[in-house]
Amino acid sequence: MMITDSDCLRMYVVMTVTVLCFSSSHFSELTEVIFTVHSEESVLSSQYTDDVYAESLSMCALMCLLQEKCCVASFSDETSMCRLDKSENCCAVTILAVGSRALKQNKYYPPACTKCVSFGMSTYKIIEVTATWSEAMNNCSCFGGNLAEIETEAESEFITNELFTRNTGVFGYWLGGYNFNKDSDLEWISNPNERMPYFNFAPNEPNQPDSERCLMAFTNFNFEWVDGNCHWISAYICEF
Ligand SMILES: [Ca+2]
Ligand SMILES: [Ca+2]
Ligand SMILES: [Ca+2]
């Protein structure tokens, strides 16, 4: 008998389901703790999605857990189809679909931070695909981190050296600072009520508390910081 690729996939799924059935009593509990479930949403099919059969929502959740790169999945009650998104982040696009539920892992660490650099306790992903400041912030959060916050001179030197090495020609990199109260300084997103313990602003910056509230390491100023217009489209740095 010839075994085709699709037979293999089916066999794999059946085996997985069999193994999982032994612990079925823990399924609902697991789903509640590990996933947020959105009603009537389905993950949009993409190059990163796989459709597999699952007996239930909980089974679909477990299949997602078994896939190292899965953060979001969806399950259709009608067809028992479980769609696993394996794009290594939690930003899968979902659409309204009656009878479907989308699951998102509550705490997700990408399996491997590709092309990341580490310093101290932190890992950084420097992303040259440009975005507005708030898009950058959302993207970092989807990767499981935040826009980078530079709290010490040592951290600042590390990041600056890294950016000089890259020399990619982008005009700047968004960081996780914002002028929350439209005054003369910026604050870190994680500490909106506190002065920055360390800062590395370029001369005469920050200078536009109304129109430039977002923090950027500016290439032409040797990556010293400026307040920039949050709608500028720029590269950015995520910190994990
Ligand atoms: Ca930091
Ligand atoms: Ca401020
Ligand atoms: Ca400025």
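**Figure 1. Leucine 147 and the residues it touches in the predicted model.** Leaving aside residues up to four places away in sequence, leucine 147 touches Ala136, Met137, Cys140, Trp174, Leu175, Gly176, Ile189, Tyr236, Ile237 and Cys238.

**Figure 2. The largest nonpolar core.** This core has 30 residues, and Leu147, Leu175 and Met216 touch the most other members. Two or more core residues come from each of these elements: strand S7 (122-131), helix H4 (133-142), H5, strand S9 (172-178), strand S11 (214-218), strand S12 (224-228) and strand S13 (234-239). With five residues, S11 gives the most to the core. In soluble globular proteins, nonpolar side chains tend to be buried together.

**Figure 3. Another core, apart from the largest one.** This second group has 21 residues, and Phe35, Ala54, Leu57 and Val72 are among them.

**Figure 4. Helix H5 and the residue just after it.** Helix H5 covers residues 153-166, which is 14 residues. At 1.5 Å a residue the helix should span 20 Å, and because its end C-alpha atoms are 20 Å apart, the two values agree. Just after H5 comes asparagine 167, which takes a positive phi of about 50°. An α-helix has 3.6 residues a turn, so residues three or four places apart point the same way.

**Figure 5. The protein chain as a whole, for orientation.** Five helices and 13 strands make up the list of elements in the protein chain. The chain has 240 residues, of which 32% count as buried. Among contacts with a separation of 6 or more, 67% are between residues 24 or more positions apart.

How values were computed:
Residues numbered from 1 in each chain as written. Chains lettered and ligands numbered in written order. Predicted model: local features only at pLDDT ≥ 70, side-chain atom pairs only at ≥ 80, totals over all residues. Helix = DSSP H or I, 4+ residues; strand = E, 2+ residues; numbered from the N terminus. Expected span 1.5 Å × (residues − 1). Buried ≥ 20, exposed ≤ 12 C-beta atoms within 10 Å, placed from the backbone. Contact = placed C-beta atoms within 7 Å. Core = buried A, V, L, I, M, F, W, Y, C linked by C-beta atoms within 7 Å.
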